[in-house]
Amino acid sequence: MTERERWSDSTRKSTKPTVVSLDTRGLDSTEGRNLWANTVGTLYCESDVAWPNPRQPFIAEWGGHPIGELHVSTMRADVHSVIRSPAMVRSDDAGDFLVLVVTDGNVRVTQNGRSGVLEQGSFALLDCAAPFEFEAESNFRQVVIDTPRPLLEARLPQRVLEQGTGLPISGISGTGRLVSRFLLDVAEQDRMSLARLMGPPDCQRVGTTVARY
């Protein structure tokens with residue numbers, strides 16, 4: 001049995017955050033799940049977030065901050081899944097691309113008939129303008145880079161964007177390793193910037209802080 005939370009586009013349009021600092025430790029199970037699902041919906045797109053066992057605690061952390069036109073997040077979380085259905089795409093004008101880099105654990109992504117597992121620094125591209133599935137097969141850590149659609153369309157051929165979603169690219173060797181390392185370096189810069197912005201750890205509230213410039 002799974003527990004699901006949905007966050008709608010109407011809320012995302014008016015409350016999309018710029019700075020995210022979320023920690024579910026110290027929260028009860030329902031509140032932690034609600035906060036996580038709400039942040040996925042407000043920052044990215046309308047989706048269903050599901051957990052395999054609603055009776056177990058959900059332990060997760062999420063820190064994110066803009067870097068130029070990008071929004072970079074680092075996360076670690078217990079097992080859960082995120083599903084964006086065709087109906088959600090029709091009712092939601094979200095169109096950004098998400099670059100996912102999984103550094104620990106295993107995550108399966110599916111989009112446009114393609115599917116694969118991300119692990120050990122491998123990465124993949126997801127298009128929020130199309131249905132997708134994100135399924136963590138274990139507890140995991142990842143970096144997510146939210147990229148505006150015009151930014152990628154101006155730099156990559158349309159064929160690459162249409163045929164490249166949902167395909168894992170290895171981060172262990174070759175060009176994939178260089179790209180993965182670059183993305184992780186960007187995320188590390190973001191983490192340091194967020195730490196300076198939020199202040200020392202003892203000044204941060206346990207739970208969630210979603211700030212806007």
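How do the residues of the lining of the largest cavity divide into nonpolar, polar and charged?

Hello everyone. What we have here is a predicted model, where local features need pLDDT of at least 70, side-chain atom pairs count only at pLDDT 80 or more, and totals for chains, interfaces and linings use all residues. Residues are numbered from 1 along each chain as its sequence is written, and side-chain values use heavy atoms, with hydrogens and water left out.

Let's start inside. Searching the whole structure turns up one cavity of 30 Å³ or more. By cavity I mean a set of points, on a 1 Å grid over the protein atoms alone, where a 1.4 Å probe fits but cannot get out; lining residues have an atom within 4 Å of a point. The largest cavity holds about 170 Å³ of space, a volume being the space filled by probe spheres set on the points. It has 15 lining residues, and the closest to its centre are Val40, Tyr44, Val82, Phe134 and Gln142. Two or more lining residues come from each of α2 (29–43), β7 (97–104), β11 (132–136) and β12 (140–147). Those labels are DSSP runs numbered from the N terminus: helices are H or I with at least four residues, strands are E with at least two.

Now, back to my opening question: the lining has 13 nonpolar residues, two polar and no charged. Here Ala, Val, Leu, Ile, Met, Phe, Trp, Tyr, Cys and Pro count as nonpolar, Asp, Glu, Lys and Arg as charged, and the others, Gly among them, as polar.

β5 and β12 run antiparallel and are joined by seven bridges, with His71 partnered by Asp146 in β12. β5 (residues 70–77) also pairs with β4 (residues 60–67), antiparallel again, over eight bridges; pairing takes at least two DSSP bridges between two strands. Trp62 has Met75 of β5 as its bridge partner. Two residues sit between the strands in the hairpin of β4 and β5, where Gly68 takes a positive phi near 60°.

Finally, two loops. Most residues other than glycine have a negative phi. Asn112, however, has a phi near 50°, and lies in the loop between β8 (107–111) and β9 (114–118). Gln120 also has a positive phi, of about 50°, in the loop between β9 and β10 (123–127). Are they buried or exposed? Asn112 is partly exposed at 44% relative accessibility, while Gln120 is exposed at 56%. The cut-offs are under 20% relative accessible area for buried, over 50% for exposed, and partly exposed in between, with a 1.4 Å probe and protein chains only.

Key. 1 Å grid on protein atoms, 1.4 Å probe; cavity = no way out; pocket = protein on both sides within 12 Å on 5 of 7 lines; lining within 4 Å.
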